[in-house]
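Hi,

Here is the structure I promised to pass on. Have a look at it first, and my notes on the interfaces follow below.

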4 protein chains.
Amino acid sequence: MSSGFFGDVAPIKFEGAESKNPLAYRWYDKDRVILGKRMEDHLRFAVCYWHSLTFAGLDPFGGMTFERPWFQPGDEMAMARLKADVAFELFQILGVPFFTFHDRDIAPEGKSLAESNKNVREIADIFAKKIDETGINLLWGTANLFSNRRFMAGAASNPDPDVFLYAAAQVKNVFDVTRELGGQNYVLWGGREGYETLLNTSLKRELDQLGRFLTMVVDYKHKTGFKGAILIEPKPKEPSSHQYDYDVATVYGFLKAYGLEKEVQVNVEQNHAILAGHSFEHELALAAALGIFGSVDLNRGHYQLGWDTDQFGMNVPELTLAMVEILRAGGFTTGGFNFDAKIRRQSLDPVDLVHGHVGSMDAMARALVAAAAIVEDGEFDAEVAKRYAGWDEPMGKAILAGDMTLEDCAAHVAGSNLDPKPVSGRQEYLESLVNRFC
Amino acid sequence: MSSGFFGDVAPIKFEGAESKNPLAYRWYDKDRVILGKRMEDHLRFAVCYWHSLTFAGLDPFGGMTFERPWFQPGDEMAMARLKADVAFELFQILGVPFFTFHDRDIAPEGKSLAESNKNVREIADIFAKKIDETGINLLWGTANLFSNRRFMAGAASNPDPDVFLYAAAQVKNVFDVTRELGGQNYVLWGGREGYETLLNTSLKRELDQLGRFLTMVVDYKHKTGFKGAILIEPKPKEPSSHQYDYDVATVYGFLKAYGLEKEVQVNVEQNHAILAGHSFEHELALAAALGIFGSVDLNRGHYQLGWDTDQFGMNVPELTLAMVEILRAGGFTTGGFNFDAKIRRQSLDPVDLVHGHVGSMDAMARALVAAAAIVEDGEFDAEVAKRYAGWDEPMGKAILAGDMTLEDCAAHVAGSNLDPKPVSGRQEYLESLVNRFC
Amino acid sequence: MSSGFFGDVAPIKFEGAESKNPLAYRWYDKDRVILGKRMEDHLRFAVCYWHSLTFAGLDPFGGMTFERPWFQPGDEMAMARLKADVAFELFQILGVPFFTFHDRDIAPEGKSLAESNKNVREIADIFAKKIDETGINLLWGTANLFSNRRFMAGAASNPDPDVFLYAAAQVKNVFDVTRELGGQNYVLWGGREGYETLLNTSLKRELDQLGRFLTMVVDYKHKTGFKGAILIEPKPKEPSSHQYDYDVATVYGFLKAYGLEKEVQVNVEQNHAILAGHSFEHELALAAALGIFGSVDLNRGHYQLGWDTDQFGMNVPELTLAMVEILRAGGFTTGGFNFDAKIRRQSLDPVDLVHGHVGSMDAMARALVAAAAIVEDGEFDAEVAKRYAGWDEPMGKAILAGDMTLEDCAAHVAGSNLDPKPVSGRQEYLESLVNRFC
Amino acid sequence: MSSGFFGDVAPIKFEGAESKNPLAYRWYDKDRVILGKRMEDHLRFAVCYWHSLTFAGLDPFGGMTFERPWFQPGDEMAMARLKADVAFELFQILGVPFFTFHDRDIAPEGKSLAESNKNVREIADIFAKKIDETGINLLWGTANLFSNRRFMAGAASNPDPDVFLYAAAQVKNVFDVTRELGGQNYVLWGGREGYETLLNTSLKRELDQLGRFLTMVVDYKHKTGFKGAILIEPKPKEPSSHQYDYDVATVYGFLKAYGLEKEVQVNVEQNHAILAGHSFEHELALAAALGIFGSVDLNRGHYQLGWDTDQFGMNVPELTLAMVEILRAGGFTTGGFNFDAKIRRQSLDPVDLVHGHVGSMDAMARALVAAAAIVEDGEFDAEVAKRYAGWDEPMGKAILAGDMTLEDCAAHVAGSNLDPKPVSGRQEYLESLVNRFC
């Protein structure tokens, strides 16, 4: 029985590019086969619980704007159950294959961790039934280690080891729940794993604590036989002044330092990428190059604003460039596109939640079509191959194989009076070419 | 015999804090002992050749403003010799112990690399004499692998292996010259080791090329018995859209990936730090925590501008926080404070070169006094120690030693009904405390 | 009778620069005469109610961290009275001459505007008594037109005129209260007077609405005989994507457009300045040059963060440059330094509130001493006068008087074969000179 | 007779969206009628001389990369004539109706202003013939008042009135040439009208000087009967630390201050907009709302870089939003889209110049089609109209007419117990709707 929250909004259907129905997909045709794979299997969309069900419209200068039935006072667990019902109604309206959650989104904090964990389990049991009924699966779960004041100075990186212990206990519970629900990944976002001021901080200590924590989680994964991936989500700042998981390159160095680079992958977010001074496609390409690409938090940052706006991605050419990198990386395995995106606080109506997702799913689907065409067409790959062709010649190979010393190079230049001539990078041509596909 | 370039500017002397002579040091008293070491040995100031002698006042919207005698047309090597004379006059006026250079700053590019190298050697011979005469030593040398059009798409990371070879040959020459001049370090700044657009770029290839290049340099260091450090200078962008040596954390990950983290250290620059979204002290503290702190390019970026302004650092409280991190890291060994700072293009007069250095040396000296007082006073260290005290207790040690699993943590929390209470981070108190010292 | 909130913290006293007591002033000696005026009269410090009494430590990723007695559930007006008691205890501990408030900080929102207004009046009556008793006066009052969801799309610039009416009614009440309490200014901060997306916005309509609103407030000022200033506080963004009162220059254009440039002044904030891409001293100097300098919201933004961090200003050289501009503008008349600064959410202890204010008051006092010395010394003014001296010569005067046409200029250049020679801007010298004073 | 510079590149033709020919237009069909006007008349494309003909590939870290025949040493006027030939070959290949220039782009600086002016006139005479022959007209001319070292501290805002005189004389010459060539506008870009440091600057003086200068130009326009518009081009920073023409709002305030708001319009640039913290469409919409919209410098800034990259605009959805604002403003009158865009310094080949323009013209043409469809469809306008409908009701009108005082508003709220309810801003729906059109 429907909660009635979404009124008469029916499940969204694919109607084709000519449709003017804003509650239809114009491009997202989940069974359409692209590069040998169904669109749904390429995109693996997930709706997140926190923004869509838990965000109440607050910002630093104002309070709640969304008046949801489950924000009312009273029996918190009853509210959580109502929220779960509406959540799956949303997932079904959208027809997404996955969802994601933090423990604190789905169930209220109790008076003790035991009680909090019990609340989480109770809702997880409801999820299990709904997963069975709907076929909508869990992409990943994660523990909220940043909202409660006990985590104000970090969780694993907290100066107080008791907070580390508490965080570990909380993670164990969410990990177990995630595994039992068939979750395909487990995510760690280091919300407050960073510092507010160096004046009271020992970087060395905190990095070691973080390395230990992550190692424990990896060990537990192996012990429990969890088949999914462990993912870290880079973010440079906010809420902390500096966050340890700054960007993909920083996370890679951290993983290398603690011997975890084969164990942990990254969950890349567009908005976090631009806050770190990178393009989205850079972070994706780098993760692929370093062998740690895992999953994506799909959203869009506001180029004029310096904080995490988590808007729905709508710019097709930008999404196309990102999708090209994902296709080049081989596409998702356990990962997917999780909508870490929230409707603006002025978007009060339940249908606004639907518009945000439908619009962005459609933009992404269109980007997939364009990206696949780019990959199939092959001109970009050919340009790149041509540009680096010299490295596949004997001298290039010898250099890379370590067969040339600095002196050898110098001798070669002297001997051949080498004077390399630059060739055009053809950037404008290539940028124009992107527009042919999207 | 003096070139007369600086007119009647005499060597700068220490006159004490009450002096109103702008051509005197008010704080930089090189023989004053601070924390058991002479100020000069703490600060190890170096003047750089490129900004002070070679920069002609150009910017992207305008041409030369500095009319130096050595910018005149005619015999380029004669001009280079004149420049060398003036350079050492500047170093002597300032009384700095070190200087630094790029090969192309000191001598003109020839028609071939052989000729260019010969030009460099000829000036290096002059340097050798001047070093003997003045006791002013070489902090480091480096090769300019970014100004000539052959390097427009990178040096080691160029799509053309011929450019890699050429760069290697050029580096070998500067390395040799640096070693022979008694240089204390060799620096690599990856000026165009990055990309302009991902559309024509293979990240994986370019990173591997870079790794190979750096390994060659390290091998050559060992082969030649060079005792100094190899330094990489992180910068996030400019001139490239993205530079591979983005920041300290990125360089660390790169070094780990190629097994070079024990071989190479970082040369941290304030302006590069803020362009990467970090504070100066963050980059220093992180380099120390990761064990790769080497040297500093001292300057100041403009907080309202998005490019490398390379101004002279003048803000004492900011410099103090940086100096505290350096003292905590044990101070410089082979490194030093190199002034990678340039006078504004409106600062036309020779004496402006002197004002910039004197002002910033004095600000840094004052910062050293403050930083040493902070370290000696010990209150900051005590605050930090107290904040992390729990990690020195048995449970904290057990966690860090790897003796606790995720399940152990969960059991401990359940068994003790642990509910950690946050304590104040005291940021405002600590910030106020900084002001007591500077 | 004390609330006991601050424990045994006694009123802060001036102890001199050598004091190591963190709860003493080292520089703020309110009766010390500088440039003929008492320090207190120069600085006119005010403590703000919202950050110091109402901020609970929330941020976009976490909830309350400050557990204040007055945040407890129960009788909201009783809590508001307790808060007022603690507020004046804080003001008295600090020994500040002023405070500031938003209506919603001091009293709870009622079920109707009438009830809200009644709540505000009731607390204002308490303020009136406390003002009498303590001699601590109201620097300014303002209406909170941004926190309640009714203002989510703006107040005066709302697409719904009912919100404009409501906002006007609310402002009238706070204006009346401010006037009756002897407030020296009335401030409007356009919290949500901006837009989130241009897609649903009419800029022209919203600017006209804003112009009308401000005109009404100015008319009411004259009608009621209020002697203070009306102040607008520029801010470029946050919470809106674009705020109409972007910066000083934008506000000036807006005032000119609606004929209000003689009626309204600006309340300049450091953090808002840097979010708009300006230095603090730029905004102050520009306001003075345009004749609209009024007051200051004193705080410090974090140069690495893209949002309003509202930290306590501590950097003496930066504050000195700001103070120089204020002294040059003639100092404050009705305005003052309002601490629109908040302690970090990890600064849990009541004494942290005291440390933030004491540290920043002291830094500002020290900056005043330095700025006054700069002004008295006169070298900066002399440098500037010398640089522009030509404009005080006959030709310069003729140009500015409008006596020269474009053709006259061309004729003059042709006739004299004019070829102006650039002279040094002496920036490094001047920057060094600042350090002599602070 | 062709210079041969572009080899066998033939004039670009429209071939339709399905064409895979990179040297064809897929969308730019100049005679296609959109909203009752030919595409060419909507877009009024102009190619700029400086980036396309004069830029040699320099950046702050490297020298010339473009080896053009006209960059060779020798007879500078002969080189300028060759450049003019190639320029018109480029214009004709592209089939653009307009071009633009700075005086120093087209002819070498002479030993005196008289000689420089003579050089400019000589090339202008060539232009006159080419305009006659090709039908390609001058969109605007402007004087380069920033490259020569005499302008290092500004032109009109220079501390030396001789520089003001010189600048005025130079502007007169370019103005005359522009008028005589049938130029449709005259542009002033305040390249160095700003400051490097406030320490040596009098804002008030410099603003007054600028106001005087602009008034002279306006007076001269009227005197000479020039029918075109005078345009100011806002830019916030670079090369100066702060530029007086910061953004549209700042320029508006400046024009109001000197009574020039009916005389002068703005030339809005995308890259300058984002450097000022605005979106491109914001600056356009604001210029229209303030009645000062004139023309556009079309390019694209790099969102991850903090300087003026002047890339070719390629992102169709972004260009569409800009074009919607231009259509709403009534389209161009004397203005047009000037490509203030440059090929990257690695784009060495002559054909790269063609690719950049063709790609961006096509993207803009496609954006025009989308924007026109948005305007014709009317749904956006209807949404906006509905949102503000209350302001067209009697109370809304009364407020705007000045018939309501603050007391009236308060009485109305009290009398009606008004409690406005927020309605959804529908941002996600509207963003999705944009994608339906492009």
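Between chain B and chain A there are 24 residue pairs in polar contact, both residues at pLDDT 80 or more (a pair of N or O atoms within 3.5 Å; within protein, one must be able to donate a hydrogen and the other to accept it, and residues adjacent in sequence count only if both atoms are side-chain atoms). Helix H7 (residues 203–224) of chain B gives the most to the side that touches chain A, with twelve residues; helices here are DSSP runs of H or I, at least four residues, numbered from the N terminus. Six salt bridges also cross this interface (a side-chain nitrogen of Lys or Arg within 4 Å of a carboxyl oxygen of Asp or Glu). One of them joins Asp392(A) to Arg205(B), with the closest N and O atoms 3.2 Å apart.

Please keep in mind that this is a predicted model, where local features need pLDDT of at least 70, side-chain atom pairs count only at pLDDT 80 or more, and totals for chains, interfaces and linings use all residues. Residues are numbered from 1 along each chain as its sequence is written, chains are lettered from A and ligands numbered from 1 in the order written, and side-chain values use heavy atoms, leaving out hydrogens and water.

Now for chain B and chain D. Each supplies 31 residues to the contact (heavy atoms within 4.5 Å). The count here is four salt bridges, including Arg192(B) with Asp59(D), whose closest N and O atoms are 2.8 Å apart. The rule also finds 16 residue pairs in polar contact across this interface, both at pLDDT 80 or more.

Enjoy exploring!

Notes: Helices (H or I, at least four residues) and strands (E, at least two) are DSSP runs, numbered from the N terminus.
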